Structure formats: structure tokens, C-alpha cells
Amino acid sequence: MKLPLPFRRGRKTPQAAQRGLVSLADWRNRRFRWTLSTVHTLTLVALLIIGLGPILWLAKAAVTPTQDTLRQPLALWPNGFDLSLLTRAFTQIHIERYFMNTIWIAAGSWICQITVATTAGYALSVLRPRGGRFLYGLVLATLFVPAIVLLVPLYLTVLSMPIVNIKLVDTFWAVWLPAGASAFNVVLIKRFFDNLPREIFEAAQVDGAGPFRLFWSIVLPLSRPIVGVVSVFAVIATWKDYLWPMLVLPTPANQPLSVRLPTLERGIQLDLFLASLAISTLFPIVLFLIFQRMFLSGGGISGAIKG
Amino acid sequence: MSVRAEPAVAASGVRKRRGPLTWVSRDGLSKLVFLLPLLLIFGTFSWFPILRSFVMAVQHTNLVSPATFVGLDNFATVLADPLFGTSVANTAYFALLALIIGYPIPLVLAVIMSETRRFKGLYSALAYLPVVVPPVVAVLLWKVFYKGGSNGAFNSILGAVGLGPIQWLGDAAMAMPAVVVEATWAAFGGTVIIYLAALLSVPPELYDAAEVDGASIWQKIRYVTLPHLRGILFITLILQLIATAQVFTEPFLLTSGGPANATTTVLLLIYQYAFGSSLGGHFGEAAALSLILAAFLGVFTAVYFWLTRSWSTES
């Protein structure tokens with residue numbers, strides 16, 4: 001007879017190994033084991049259909065002519081391949097243009113968020129100016145204000161900036177600059193800086209480092225891990241954003257993929273549209289497969305908590 | 001004269017020590033330089049718009065004619081709008097459906113997945129895959145699946161077992177559940193990952209102890225697992241309520257609030273007040289409705305921060 005699974009894994013002390021809900025005695029019980037593996041197999045099949053199914057369907061539809069997709073939407077194998085759809089998404093739709101817009105918007109928002117968060121975190125945590133606690137309180141207070149309150153007044157602000165009267169609408173600045181006002185980032189970075197040992201700063205100051213040198217050569221290199229976390233959030237958030245870029249980037253040539261795709265839906269053939277959807281999904285999925293571990297462990301958790 | 005001048009010099013010397021020049025040499029300037037991005041960006045794009053929303057809520061403003069103060073008229077207009085009741089009811093219905101459909105699924109999946117001994121990574125990768133698909137792409141893809149005729153993807157599944165076809169998005173009764181199912185598909189993976197991590201923190205001794213007392217697997221779930229997840233379950237519940245109260249992309253792109261306003265949520269109404277083609281330009285009403293929603297959400301947000309705070313100090 002086969003040994004129960006926990007023993008087969010070759011762990012040194014199966015009893016001490018991380019056990020879960022199911023006990024070793026349960027694992028030894030053949031009927032129980034059979035039930036459990038049935039449940040697991042069913043779950044795996046369900047996850048395959050639900051999680052992977054729609055994406056595979058999209059991949060198939062991306063190379064299937066419209067008539068095929070319309071007539072037999074659930075056919076496992078297309079009657080005729082039309083690989084030209086993938087090239088037409090570039091030559092006809094110019095999907096690469098909107099893709100580059102997405103990249104630009106994400107990159108600019110990232111720079112803005114990192115600049116604001118690191119300088120503010122450094123000032124509030126290390127330099128500690130007078131009134132710093134009050135300022136930090138003001139930053140914390142914005143965490144309690146849901147984004148929706150900002151929608152209309154922020155739109156009017158980028159329509160005509162206060163005092164300087166500059167119109168940001170229809171430029172990437174309208175997405176980049178507001179992205180920097182993320183209280184979550186400032187709190188995260190400030191807390192990280194709070195935990196850095198003060199002795200390092202004092203030693204650097206004794207060696208004659210000024211506040212700029214301290215920031216550039218000591219604090220920034222030390223804060224690489226937290227800057228990485230903030231960067232991932234920043235890029236994912238801008239990649240997913242829809243409502244704000246739709247409002248402030250009315251000219252199609254400036255729009256990111258997320259804003260452009262819904263308007264394409266009405267104007268082009270279904271097969272070409274689905275090919276464009278598939279191409280837009282490819283990049284995030286490849287990124288996910290590369291950085292899978294990070295998404296599925298700690299990073300994903302705080303990312304989800306951030307909401 | 002010279003005798004009299006002396007105290008003045010001394011006084012100016014004292015003053016100079018606190019004057020701008022010494023302030024600069026004491027790193028005051030560099031402190032200001034490092035605070036500048038925060039002050040400028042938060043000032044312009046966070047603090048100022050928040051204050052402005054309070055002002056706008058009591059103003060009649062449409063960008064064309066100059067703004068006039070109208071007191072609480074905007075709130076009265078919004079509350080009297082028949083669409084206000086509809087949108088609140090729709091948002092509550094969305095939240096309720098999301099709770100019934102979307103809330104238990106990740107928990108059940110996580111409990112099952114945490115007991116797998118093989119392909120653990122495969123399970124969580126498959127569950128997380130929909131989260132990776134950009135939300136707009138997910139919505140547009142599901143819109144194709146929901147196509148109404150007998151040739152729609154979901155209707156051909158129903159047709160195979162002799163049911164349907166259903167007008168998923170065209171039927172006022174079906175539209176909201178259809179939107180919720182799509183939203184659940186797009187989001188459940190993230191919650192599964194949270195629960196999986198939380199399940200790891202259940203001390204195995206507790207299960208051992210429960211088994212000594214002869215507990216069955218259901219009793220272990222009921223008396224060990226679930227009580228241990230209570231904190232995180234409550235947090236995901238509040239986060240879900242905050243998120244569902246602000247749902248926009250899914251109903252906006254799937255149904256545009258239709259049919260017959262069956263999926264017009266509060267956020268869609270705010271959007272229509274401010275930017276809609278027929279209502280548009282009613283910025284005062286939009287600000288008023290935003291503040292009403294914010295006051296409601298503020299309660300949840302406060303509870304959430306209070307919870308996570310006591311949570312992080314405990315562990």
C-alpha cells in the first residue's frame with residue numbers, strides 16, 4: 001500500500017511539518033483520502049475552466065474570423081485560422097500606439113509617486129521640520145476621503161490649474177501629477193524610514209554629509225525594498241485605471257489601451273477587436289508569469305489590502 | 001547717540017539669529033526643498049480639491065456662468081431626484097449580490113486549496129489569473145460572452161441543456177446579477193491569496209488539540225479555522241463593501257446603467273451629473289452626491305483603519 005502523502009514527500013519530521021486542517025489520521029483513512037482528492041480534482045478542473053478558460057477562449061478568438069466566432073462561439077478548434085488579425089491589430093488599429101501611451105502614463109505616474117513619497121518620507125521621518133507632524137496628519141486625513149470625492153473638483157483643477165491657470169487636460173500631466181498625491185505611498189515610505197537606524201544618519205552627518213547627500217547616498221539605497229513595493233503598486237494601479245484617464249484624455253491619440261479599447265468595440269470587426277483584446281492581455285500575463293512568486297506571496301496581499 | 005545705538009545692534013543681532021539667513025544655514029532651506037513635492041502635489045491635487053468639493057456642493061456651478069452660492073439646494077435637488085433612490089437601491093443590490101456570490105467563494109476555495117499537497121502553485125496561479133487581466137479587457141470580453149442571441153457563448157451552453165436564450169444584459173432582472181458575476185470573476189483571485197496566507201497562520205497545535213477532543217473536520221473548520229480568520233474576514237468584508245459602493249467600470253462598460261436604469265449605481269449617477277451627455281455640467285449636484293456617499297463610506301473606512309491598526313499592533 002502507498003504511504004499517505006505527507007510521508008512520501010521525504011520531509012524529516014512529518015509530524016512537525018506544517019500541517020493544516022486535515023490530520024495525519026485523516027490522511028491514513030482511505031475513504032477520506034479518496035473524498036479529499038476528488039474534491040481537489042474537481043476544484044482544479046473548475047479553476048481551469050473559470051480561470052484559464054476565458055483567456056484561452058480569447059486567445060482562440062484572436063485568430064478566428066468573425067463569422068466562426070459568431071456561429072460557434074464554443075467550438076474548441078477554429079475552422080479557419082486568420083493569423084493576419086494579429087498583424088492587422090498593429091497596421092490598422094495601431095495598437096502599439098496605445099500600448100506605448102499606457103507605458104508612458106505608467107512610467108510618468110511611477111516617477112511622480114516615487115519622487116513625492118521618498119522626499120516627503122525623508123523630510124517627515126529624518127529631517128523632521130517644525131510642523132512636520134501636522135503635515136503628516138493632513139496626509140493621513142486624506143486616507144479617509146474616498147477617491148470619488150476628488151473626481152469632480154480634481155477634474156476642474158486639471159481643467160484650469162489654480163493660480164497658474166494652466167490647462168492639463170489632454171496631456172499626460174493630468175494623469176501623472178494627481179497620481180503623486182498618494183497618501184498610502186507616503187505613509188508606507190515614512191514608516192520604513194522611521195525604522196532605519198538613526199546611527200547611520202548621525203555617522204554620515206559626522207562625516208560631513210549634508211541633507212542632500214544623506215538622502216541620495218544613504219537613505220535611497222537603503223530603501224530599495226520598499227521603493228520596489230511602492231513601484232509595483234504604482235504600475236499596476238495606473239495600468240488598471242479607467243475612469244480618470246478617460247475623463248482627462250479625450251483625444252484618441254493620447255489614450256492608453258484601457259480607454260481606447262471600449263471605443264474600438266463599436267468601430268471595428270469583432271475578430272479584429274478580440275485580437276486587440278488578446279494582445280492587450282498578453283503583456284500583463286507575461287509579467288505575471290515572470291513575477292508569479294511575488295504576486296502570489298506577500299506583495300499580492302498588501303496590494304489587495306490597499307484596494 | 002552711540003550709547004543708545006548699542007542695544008539696537010544687540011537686538012538686531014538676536015533677531016538675526018532667528019532670521020532667514022541663519023534659518024537657511026540650519027538646513028531650513030533643504031527641509032523645505034524636500035517637503036516641496038509633497039506640498040505642491042498634495043496641495044494642488046488632494047487638499048485643495050477636497051476643500052473645493054465642499055464649496056462646490058453649496059454652489060451652483062457649470063463652468064459657463066459664474067458660480068453662485070445656493071446653500072443646501074444641491075443636496076435637496078439630489079435627494080429629490082428619483083434616480084437618487086434608484087441608484088442607492090441598485091448599489092445596495094450590487095453590494096448584496098456581491099456578498100452572496102462573491103464573498104464565500106474565495107474562502108471555500110482557499111480552505112480547499114490549503115489542503116492540497118500537489119500543484120499548490122498551479123491552483124493559486126489559476127485563481128489569480130483573472131486578476132491579471134486588465135479590468136477593461138475583462139469587462140469587454142465578458143460582454144462578448146453575455147451576447148443575447150442564441151449564439152452567445154453563455155447562451156450556447158444553456159442551449160446545450162435545452163435552456164435559454166437569456167438576454168443577459170438586456171433584461172432588467174438579469175443585468176445586475178450578470179454584472180456582479182463578471183466583477184466577482186475579476187476579483188476573487190486576490191482574496192483567495194489573502195485567505196491562503198491567513199490560513200498558514202493558524203497554529204497547528206490548535207488542530208491537534210481539537211483532534212484529541214475528537215473533533216470532526218467540520219467541527220475543526222467551525223471552531224478553529226473560522227474563528228482564527230475572523231479578523232481578516234471582517235477586513236475583506238469592509239474592503240469589499242467600500243469597493244462595491246464605488247463600482248463604476250463594470251456597469252458603465254457592460255450596460256451603461258441600463259436597461260431602464262436597472263444598473264445605474266451611485267457612481268454612475270455622479271458621472272452623469274458631471275459629465276453625462278444629457279444631465280452634464282451639474283458639478284454642484286455631483287459634488288453634493290459625492291459627499292453624501294463619502295460620509296456613508298467614511299464610517300466603513302474608519303472601522304477599517306481602526307481594525308487594521310489594532311491588528312498590526314497585536315501581531
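These legends go with close-up views of a predicted model.

**View 1. Here is where chain A meets chain B.**
Start with the contact between the two chains. Chain A puts in 78 residues, and chain B puts in 83 residues. On the chain A side, helix 3 (residues 30–61) gives the most, with 13 residues. Sort that side of chain A by class and you get 56 nonpolar, 17 polar and five charged residues.

**View 2. Zoom in on helix 16 of chain A packing with helix 8 of chain B.**
Two packed helices are described by the angle between their axes and the distance between the axes. Here, helix 16 (residues 270–290) of chain A and helix 8 (residues 135–145) of chain B make an angle of about 145°, and their axes are 10 Å apart. The crossing of helix 16 of chain A with helix 8 of chain B is left-handed. Which residues make the contact? From helix 16 of chain A, look for A:Leu277, A:Ser280 and A:Thr281; from helix 8 of chain B, look for B:Val137, B:Leu140 and B:Leu141. By class, that contact has four nonpolar, two polar and no charged residues.

**View 3. Meet A:Leu277 again, this time in the largest nonpolar core.**
This core has 150 residues, and A:Leu277, B:Tyr128, B:Tyr195, B:Ile270 and B:Leu289 touch the most other members. Helix 10 (residues 172–200) of chain B supplies the largest share of the core, 17 residues. Leaving out residues up to four places away in sequence, A:Leu277 touches A:Leu58 and A:Leu261 in chain A, plus B:Val137, B:Leu140 and B:Leu141 in chain B.

**View 4. Now for helix 10 of chain A and what covers it.**
This helix runs over residues 183–194 of chain A. At 1.5 Å a residue, its twelve residues should span 16 Å, and the end C-alpha atoms are 16 Å apart, so the two values agree. Which of its residues are buried? They are A:Ala183, A:Asn185, A:Val186, A:Leu188, A:Ile189, A:Lys190, A:Phe192 and A:Phe193. The cover over those buried residues includes helix 6, helix 7, helix 12 (211–222) and helix 13 (224–240) of chain A.

**View 5. Two loop residues of chain A, A:Arg128 and A:Asp170, are worth a look.**
Most residues other than glycine have a negative phi. A:Arg128 isn't a glycine, yet its phi is positive, near 45°. You'll find A:Arg128 in the loop between helix 6 (95–127) and helix 7 (132–142) of chain A. Is A:Arg128 buried or exposed? A:Arg128 counts as exposed because it has 11 C-beta neighbours inside 10 Å, and the cut-off for exposed is 12 or fewer.
A:Asp170 isn't a glycine either, and its phi is positive too, at about 75°. A:Asp170 sits in the loop between helix 8 (147–159) and helix 9 (173–180) of chain A. With 15 other C-beta atoms within 10 Å, A:Asp170 is partly exposed.

**View 6. Next stop is A:Ala253, in another loop of chain A.**
A:Ala253 lies between helix 14 (243–248) and helix 15 (257–267) of chain A. A:Ala253 counts as exposed, with 11 C-beta neighbours inside 10 Å. A:Ala61 is 192 residues away along the chain, and the C-alpha atoms of A:Ala253 and A:Ala61 are separated by 26 Å.

**View 7. Finish with chain B, which has 15 helices and two strands.**
Of the 315 residues in chain B, 41% are buried. Now take the contacts in chain B between residues at least 6 apart in sequence: 63% of them join residues at least 24 apart.

Definitions and conventions: Residues are numbered from 1 along each chain as its sequence is written. Chains are lettered from A and ligands numbered from 1 in the order in which they are written. This is a predicted model: local features need pLDDT of at least 70, side-chain atom pairs count only at pLDDT 80 or more; totals for chains, interfaces and linings use all residues. A nonpolar core is a set of buried Ala, Val, Leu, Ile, Met, Phe, Trp, Tyr and Cys residues joined through C-beta atoms within 7 Å. A residue is buried if 20 or more other C-beta atoms lie within 10 Å of its own, exposed if 12 or fewer, and partly exposed in between; C-beta atoms are placed from the backbone. Helices (H or I, at least four residues) and strands (E, at least two) are DSSP runs, numbered from the N terminus. Two residues are in contact if their C-beta atoms, placed from the backbone, lie within 7 Å. Ala, Val, Leu, Ile, Met, Phe, Trp, Tyr, Cys and Pro count as nonpolar, Asp, Glu, Lys and Arg as charged, and the others, Gly among them, as polar. Axes are lines fitted to C-alpha atoms, for helices over the stretch in contact, and angles run from 0 to 180 degrees between N-to-C directions. A crossing is left-handed if the near helix is turned anticlockwise from the far one by less than a right angle, and right-handed if clockwise. The expected span of a helix is 1.5 Å times one less than its number of residues.
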